[in-house]
Amino acid sequence: MKKLERHMTVIAARAARGFSLIELMISIAIGLMIIAGLVGVVTSNTRNSQTNERTAELQENGRYAMTHLQTQLRHADFRGYTWVLPNTSTVSVTNECLTGGAAAGSFINKISQGVWGANDSNPFAANCLAGGYVQGDVLVVRRVATAALTAGALVANNLYFRSTFTKGEMFQASAGQLATAGAPQNVDGSSFGEPLADFLVQQYVYYIGQGDCNGGGDANQNALCRLALQGNTFVKELVVNGIEQLQVQYGRTPFGSNTTQFYNADQITSDADWEDVSSVRISLLSINSKAESGYSNGTSYSLGDWNNTFNDSFRRQVFTTTVQLRNFHE
């Protein structure tokens, strides 16, 4: 009995001593390994989540920009009912986009030239785009609104296009002027004929700018911007942030030909050749708004006639599509 009591006493004494130093260190080491593993898993999941978010940002901005440009180009050269070359009109527009030496009104009156462009340059640096252009091509889209105005008041100073099957003419609305409801006379004294309707003139100049395109926002972030005709002047508008580069090629189908060949804007030298443009190839390069820690981008990108290799931590994605001009006037 006493022997059993002594044995129990020894066991109790050993239990009361707790863990030895070696046992404690082993326990801590195991615990640290488990914590390190959990931290690694959390870090990896966070990194993957951030990568997915940045990829989604690239795709969202690029797809939005591409969809927007596709929509505008599909409506380029839309002139209501008018298929023939419209009359030249006398209108007053401030801050008109004019190339060097061009006469006032010459840009606005080219409503029949649905698309036009400049290759890696700013042709309007002396007027409507005196500041804000960063790089890339400049794309011009001219059209009228898809909805005809056959009744109601027109907005004073806005530019409208009066359209029939046989004639078309741009005019500037005066205060209190109503949308046409009859068959008024043209400036040359002849009747417009039927059907007859007024359409709001819409003209846009697309380019790569920064921030919100008006001097605000993140000045270090490129964006797809545009100049939009509002009333009788051009104003800057943000289309979408995160677009670093815009390149455009133009498919020409010469009169009487069934063959289309693509050219850069500086290879198309006359108004007659621009009239032959039947399709447009757009290339966009989207970029993340922030650099990604631990990521290195040394990719070489080729868009149209533009090529560049980066060495930074920004993710990028290329978007390319070709748009057929539905209103191509052969």
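The points below cover the disulfides, the salt bridges, a surface patch and a pocket.

1. A word on the model. Please keep in mind while reading that this is a predicted model.

2. Disulfides overall. The structure holds two disulfides. With bonded cysteines counted along the chain, their pattern is 1-2, 3-4.

3. The Cys97 to Cys128 bond. Here the S to S distance is 2.1 Å. The torsion about this S-S bond of Cys97 and Cys128 is about 120°, so the disulfide is right-handed. The pair links distant parts of the chain, 31 residues apart: Cys97 sits in the loop between helix 2 (21-74) and strand 1 (115-118), and Cys128 in the loop between strand 1 and strand 2 (135-144). Cys97 counts as buried at 1% relative accessibility, and Cys128 also counts as buried, at 5%.

4. The Cys213 to Cys225 bond. The sulfur atoms of Cys213 and Cys225 lie 2.0 Å apart. Their S-S torsion is about -80°, so this disulfide is left-handed. Cys213 belongs to the loop between strand 5 (197-210) and strand 6 (222-230), while Cys225 is in strand 6, so the bond ties together parts that are 12 residues apart in sequence. Both ends are worth a look for their burial: Cys213 has 7% relative accessibility and counts as buried, and Cys225, at 0%, counts as buried too.

5. Salt bridges overall. As a reminder, side chains of opposite charge can pair when their charged atoms come close. Searching the whole structure gives nine salt bridges; I pick out some of them in the next points.

6. Arg79 with Asp77. The side chains of these two residues meet in a salt bridge, 2.6 Å from N to O. Is this pair buried or exposed? Arg79 is buried, and Asp77 is as well.

7. Arg226 with Glu237. This salt bridge has an N to O distance of 2.8 Å. Because Arg226 lies in strand 6 and Glu237 in strand 7 (residues 233-241), the pair ties together parts 11 residues apart in sequence. Arg226 counts as buried at 13% relative accessibility.

8. Asp273 with Arg252. The closest N and O atoms of this salt bridge are 3.2 Å apart. Distant parts of the chain are linked here, with Asp273 in helix 3 and Arg252 in strand 8 (residues 243-252), 21 residues apart. How do the two partners compare with the 20% limit for burial? At 23% relative accessibility Asp273 counts as partly exposed, whereas Arg252, with a relative accessible area of 12%, is buried.

9. A salt-bridge network. Glu244, Asp312 and Arg316 are linked to one another in a network of salt bridges.

10. The nonpolar patch. Which residues form a nonpolar patch on the surface? They are Leu21, Leu24, Met25, Ile28, Leu32, Ile35 and Val39, together with about 700 Å² of accessible area. Val39 is placed in helix 2, and its relative accessible area of 47% makes Val39 partly exposed.

11. The largest pocket. This pocket holds about 200 Å³ of space. Its lining has 17 residues, and those nearest the centre are Thr99, Lys110, Gln113, Trp116 and Asp271. Strand 1 and helix 3 (271-275) are the elements that give two or more residues to the lining.

Technical notes:
Residues are numbered from 1 along each chain as its sequence is written. This is a predicted model: local features need pLDDT of at least 70, side-chain atom pairs count only at pLDDT 80 or more; totals for chains, interfaces and linings use all residues. Side-chain values use heavy atoms; hydrogens and water are left out. A disulfide is a pair of cysteine sulfur atoms within 2.5 Å. Helices (H or I, at least four residues) and strands (E, at least two) are DSSP runs, numbered from the N terminus. Buried means under 20% relative accessible area, exposed over 50%, partly exposed in between (1.4 Å probe, protein chains only). Patches are made of residues with over 30% relative accessible area and no salt bridge: like charges are joined within 9 Å, nonpolar side chains (Val, Leu, Ile, Met, Phe, Trp, Tyr) within 5 Å. Accessible areas come from the Shrake-Rupley method with a 1.4 Å probe; for residues, only the protein chains shown count as cover. A salt bridge is a side-chain nitrogen of Lys or Arg within 4 Å of a carboxyl oxygen of Asp or Glu. On a 1 Å grid over the protein atoms alone, a cavity is a set of points where a 1.4 Å probe fits but cannot get out, and a pocket is an open set with protein on both sides within 12 Å along at least five of seven lines; lining residues have an atom within 4 Å of a point. Grid points are joined across faces, edges and corners, and a volume is the space filled by probe spheres set on the points.
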